[in-house]
Amino acid sequence: MESPRGKMKPRKSADTSLQKLCFQAVRTHFTALGTEAVLDLPTPLLKDLLPHLTACQLDEVQPALNKRGLSTYSGWAEILRDLVGLSRALDFRTEAEAKHEVMLRLFTSVFYGLSNNYVLKNSTNLKSNSFLSSAAKSIHHFILIPCMHQALHTLTTNQQHLLVLLEKHVRSIHVSHLLLTVRKTQTVLYVLHRLLDHGITTNLVVSIDSALDLAWLLHGRGTQYINMELKNLFTFPHVLQTSPASSRAPVESTASDNQSYDAIPCKRVKLYSESEEKEEDPSGVLNFTLDPQILCHTFSPCDGPSAGACTFGQITHLEIRTCGPDSLKVLSFSLPTFFCLQSLSLHSKSIFRELDVLEFAGALQQLSDSGCSSLIHLSVGLLPHVGLMKTLLNASRRLTSLCVEFQMAIWGPQFNLDHAGTAEPDTSELPLEKLTVKIIQLQTDLHFLTSVLRRSPHLASLHIAGMRLPTGCSQSQLLSTLSESNHSLKALTLEDIKLCDCLPDILKLLRGCMLEELSFNDCRLLERCVNPEKRLVELVAALKMPSLHSLSLAQNRLAKNVCVLAELFSGQSQSSLKQLDLRSNFIQPADLLEFAKRLMIHPPPHRLTLDLRKNPGDRDPETWNMALKRLQPSSFLLVEGWKSTDTMVDHISNM
């Protein structure tokens, strides 16, 4: 006779299949059922239903569910799994983050007519004006693709309501392709003008290396270089020679474009007089396109009480992801009067030349000396040597956040200190609160960093990656400096740094500060250790600080020693951790099961977000799943399918 337990399995499977069919029916006939009928479902059923709903349906039920204290995160996360894969989806851990990413990706795909599996499967629900309108209200970032001018043209004709919505909600624009060399240039520039100068957008991300396009984007939006002074931005002969626009015929005139578009003239004043407008530009590339205000004479006016003079909108956050020498020169020319700029991020695929960086630092100095600077965050890379960090700090003394990335150049002499290394050391206090230093393939002296740390008593966040020291040197000096000079430190991330010989200094630092976030990623904590378990026990004892809520020990080859981490929550002094990152630690299923058993005895006081990605769970799936099941009551688990062969390659590469 079959056991009762044996009889239950088929019924449970049938119940699950029936429930799934019902959920699919709700999804298919959602409109006919009505939102109220769906919301009247019992809470447990509603939670199970969410991953089966479309983006439009989730957006519709979310306000009511949020009022009831229910999150739609599981639904947005399920869509993200379809769009970007499981591992990437897990990086968006809140309802707001997951929803924005979904809506941004779907809006971009549907608006520009791009295809992906999710859009194809849900084309009936997505390819409608109602979806685009809903998505436009949910996104705060807009990706401008100039070559898709037909889609952008609809914003000036039959979808002007969508442009108005984007004006009200988009705070950041990403320009991903050249602006002034595409067909229908005026349409592209007009959409940009509406968002930058009429909407609430203050953040600009540029992924192109075009001095001409950058000049148009910066012109008047925070600098005093307006009207005829714009031509000064194009006095660099090499800019004009290398600019794609300068090698072709001048950009289409206003008159020709007026004939191309059936639009009502905007009720705004022109920037230039008729005589100025007709004046020939010696470069042959300026013409109408460089002034956004003239665009308002071609297209219909904006809605709202802005029928007067068309003013420039301010750019407070600027990020240039592909910054070449010409773009850097244009930026340096505008920077001295870029008074509204609060955050500036520059990254080059190749290493910046030292002379260009020094010229940029000179422009920073002029901005700082003006007394009107708002710049407090600066990010620059790739820099040729570490001495330039002090140069940038001395040029802009109001910075509270600095991120610098260095890469050793394969040409010319290498530097460890700035040119004033032999002069009196600067001991003046810096207002730095956040510092990120990344070094690629560069062996250097610690002095360039420790001298800055001693001048930064208000430092709250520090991230150092890739620090390589000469043979025989230790990172203990860095840790000692932090213990002595940076008592306000709340977040510390050390990445790809050898710390296996620094345990006493680590313990001293942990016992003398009130860290809230700590990351030792790929720091070889247990390397060449006779008794790794004992070392980890000492570290765990020091980590039981009440302030610490986030800990990352990713890529440290903890392996079987992971069990020791369960002691964080044992004894009278328990850890208050809420996030624990154990990725890429070669944790075997049996070791994870032992960790889970110990955690059941001493569960964390808060539900723990436990990241177990990139560990070889497929070595013994049954044991791995058993461990996960025991961890679930106390932890929110971040896991993914992973091939042991890939894990082994990753493991060996770090040995």
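Q: In which helix do E101 and R105 both lie, and how many residues apart are they?
A: Helices here are DSSP runs of H or I with at least four residues, and strands are runs of E with at least two, numbered from the N terminus. E101 and R105 sit in helix α8 (residues 95-112), 4 residues apart, about one turn of the helix. Please keep in mind that this is a predicted model, in which local features need pLDDT of at least 70 and side-chain atom pairs count only at pLDDT 80 or more, while totals for chains, interfaces and linings use all residues. Residues are numbered from 1 along each chain as its sequence is written, and side-chain values use heavy atoms, with hydrogens and water left out.

Q: What does E101 form with R105?
A: A salt bridge is a side-chain nitrogen of Lys or Arg within 4 Å of a carboxyl oxygen of Asp or Glu. E101 and R105 form one, with their closest N and O atoms 2.8 Å apart.

Q: Are E101 and R105 buried or partly exposed?
A: Relative accessible area decides: under 20% is buried, over 50% is exposed, and in between is partly exposed (1.4 Å probe, protein chains only). E101 is buried at 13%, whereas R105 is partly exposed at 33%. Elsewhere, salt bridges with shared partners join R88, D91, R93, D581, R583, D611 and R613 into one network. Within it, R88 pairs with D91 at 3.5 Å between the closest N and O atoms; R88 is partly exposed at 37%, and D91 is partly exposed at 39%.

Q: How many salt bridges does the structure hold, and which parts of the chain does the D82 and K121 pair link?
A: The structure holds 19 salt bridges. In one of them, the side chains of D82 and K121 meet at 3.2 Å, N to O. That pair links distant parts of the chain, 39 residues apart: D82 is in helix α6 (residues 73-84) and K121 in helix α9 (residues 117-121). D82 counts as partly exposed at 40%, while K121 is exposed at 59%.

Q: Which residues line the second largest cavity?
A: On a 1 Å grid over the protein atoms alone, a cavity is a set of points where a 1.4 Å probe fits but cannot get out, and lining residues have an atom within 4 Å of a point. L499, L503, I506, L525, R535 and L539 line the second largest cavity. Helices α25 (503-511) and α26 (532-543) are the elements that give two or more residues to this lining.

Terms used: 1 Å grid on protein atoms, 1.4 Å probe; cavity = no way out; pocket = protein on both sides within 12 Å on 5 of 7 lines; lining within 4 Å.
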